[in-house]
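Work through these exercises with the structure open beside you. Try each task before reading its solution.

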Amino acid sequence: MTGLSAIELEDVVKEYLSHGEVVQAVKGVTLDIAEGEFFSLLGPSGCGKTTTMRMVAGFEQPTKGLVRLHGQDVTNVPPNKRDINMVFQSYALFPHMSVWDNVAFGLKQKKTPADEIRRRVGEMLEIVDLTGREKRRPREMSGGQQQRVALARALVNRPRALLLDEPLGALDLKLRQAMQIELKRIQREVGITFVYVTHDQSEALTMSDRIAVMNDGLVEQLAGPREIYERPASAFVAGFIGTSNLLTGTAAGGVLKVGGGRVLVPGHDGEVTVTVRPEKITIGTEEPAPERSGVRGTVAEVVYLGTYNSYAVNLADGADGADGTVITVFQQNAHDATATAERGDSVWLSWQTQHSYVIGSS
Amino acid sequence: MRRLTPYLLALPGWMWLAIFLVVPMAAMASVSLQTGNAIDGFAMTFSFSNYGDALSTYSTQLLRSLLYGGLATVAMLLIGYPVAYWIAFRGGRRKSMYLFLLLLPFFVSFVLRTISWNFLLADNGILFGTLKDWGLLPEGFHVLATTFAVVGGLTYNFLPFMILPIYVALERVDPRVVEAAQDLYATRAAAFRRVVLPLSLPGVFAGVLMTFVPATADPVNAQILGGTSNTMIGNIIQTEYLTNLDYPTASALSFTLMAILLVGIFVYAKALGTENVLEAAAR
């Protein structure tokens, strides 16, 4: 990251007319994506991430707000005049053209000299490992190969930013993981800003420098992968990224009494929501030391998942025994595969105070 | 037995083709080489001169047919492509309604539709008569019995056969492919020329085939809208068969027309690049 802005969105709003009603797909998004950054727009379908990307590409005009590329206002510039390229969902390769012609398309449109086209297309096909397949038609290739053609077709133009719309969605898991590493390598090699749209949180966490988590047309949190995972800004982010436990209650003097125990929330009072990740929790039979947060419950389910066990624990609460809160706990199968607790066991769950993260005090 | 099964399954199809295509064709080929007359009967004389005679007598009508068929096809392409494009890309939720409207005229017989054009275009009919009464058209103005009327009638009657295959081809074009072209610096016009048009060529190919062949051979439009000076080869064949009972000449003309159309289609397919067309169609 050089700190220069590649893409800036300024309070961008996109409204649609659907069945005579105005629908806001994007409700005011402000982003500043730096030069050379691997930036992800992450969210469930319908959260506005694709619309946001299409406004950057120029396929949609914002109803309100500004789009800037490298400091220049391009809000009303058509896509063919933007120095930015896109890798489409399901690739959108030209079915009637060979791999070579697909990749050369952009350069030809820009009236690049023929010998330069030959050189650059050749180099690009080498980078994506498709040398020798120039004459193939897209439909004669596997999904992974088509994916690389789509990537080459965009990158050969040396755009100042590359937009990728769920580019790995159509691939199987193994290939997807290989392509994630491949994409990251190519991005480092060419040093271009990548804007990556996905609903797959693990994909976003693996590859991104920064992630904007979107929900319902708004950015819920904008931060690095670690920050987003460890310190989710809202209940939505906590729930969308990985598995998360939410504990709600009234805190007094920095202590939240819940589940037959207490959660330490130093500096917080009143209504709070606390999140804690399942892998940070330890299962035990003894009441934990006073500097740890601890709650009590009954094991409702134990699921063996190979590298770890997943426990579902019903929290004990007050007199009636349970308040319906279920806490998920992951425990590594480090030494042997026997579970540390059985179904029906009464257990203490505990974790360090730093792993409780308060996302809302209202 | 097992190896024969696929062939046996195809047998009904082959028999259909044999009885309703090969046998009549062979019979007609035989008739085209016979001499004689309807009263004394015809006898096989291998008279290849039937072809030469028929051609030299009716070359004008034959050439006129090809010209009218060609003009109508060009007109249909110019009208049909934009219509198909509009329905495919701008039709939205009403697509099927537009397609239904396109097919609606087929609920009325072909001959009746052509006769109603005759009625509409009559020199002192409902349209021109009124305009002439108002003094908007000169008294001598007429459309009936002109080349324009015949080509117009052909264009009108066969237009849906041009639109439908083009529509089907355009409908299959992924809008994202068009966006991809624009993303790769193509203007709207360039995206159309380099992507949409090539992808729709199989439809154009089918459309031209489905309209040029029947339009060239059609006798109805020339008869109803063309008057006496626009006779096409279809009318001649009809007259030779049904009025003059000169079967050899009629058969020779039919074969000649068929040969010309087949050669034409072959050349057309070559020129357009069948491989490309078929490949795109098999996509």
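Two residues are in contact if their C-beta atoms, placed from the backbone, lie within 7 Å. This is a predicted model, where local features need pLDDT of at least 70, side-chain atom pairs count only at pLDDT 80 or more, and totals for chains, interfaces and linings use all residues. Residues are numbered from 1 along each chain as its sequence is written, while chains are lettered from A and ligands numbered from 1 in the order in which they are written.

**Exercise 1.** Describe the contact of chain B with chain A.

Step 1. Count the residues: chain B gives 17 and chain A gives 16.

Step 2. Find the elements. Helices (H or I, at least four residues) and strands (E, at least two) are DSSP runs, numbered from the N terminus. On the side of chain B that touches chain A, α7 (175–183) and α8 (188–217) of chain B each give two or more residues. The largest share, six residues, is from α7(B).

Step 3. Sort by class. Ala, Val, Leu, Ile, Met, Phe, Trp, Tyr, Cys and Pro count as nonpolar; Asp, Glu, Lys and Arg as charged; the others, Gly among them, as polar. This side of chain B has ten nonpolar, two polar and five charged residues.

**Exercise 2.** Work out how α2 (residues 99–109) and α4 (residues 143–155) of chain A pack.

Step 1. Take the angle and distance. Axes are lines fitted to C-alpha atoms, for helices over the stretch in contact, and angles run from 0 to 180 degrees between N-to-C directions. The angle is about 30°, and the axes are 7 Å apart.

Step 2. Classify the angle. Under 35 degrees counts as roughly parallel, over 145 as roughly antiparallel, 65 to 115 as roughly perpendicular and the rest as oblique. So α2(A) and α4(A) are roughly parallel.

Step 3. List the residues. α2(A) brings A:V99, A:N102, A:V103, A:F105 and A:G106, and α4(A) brings A:V149, A:A152 and A:R153. Five are nonpolar, two polar and one charged.
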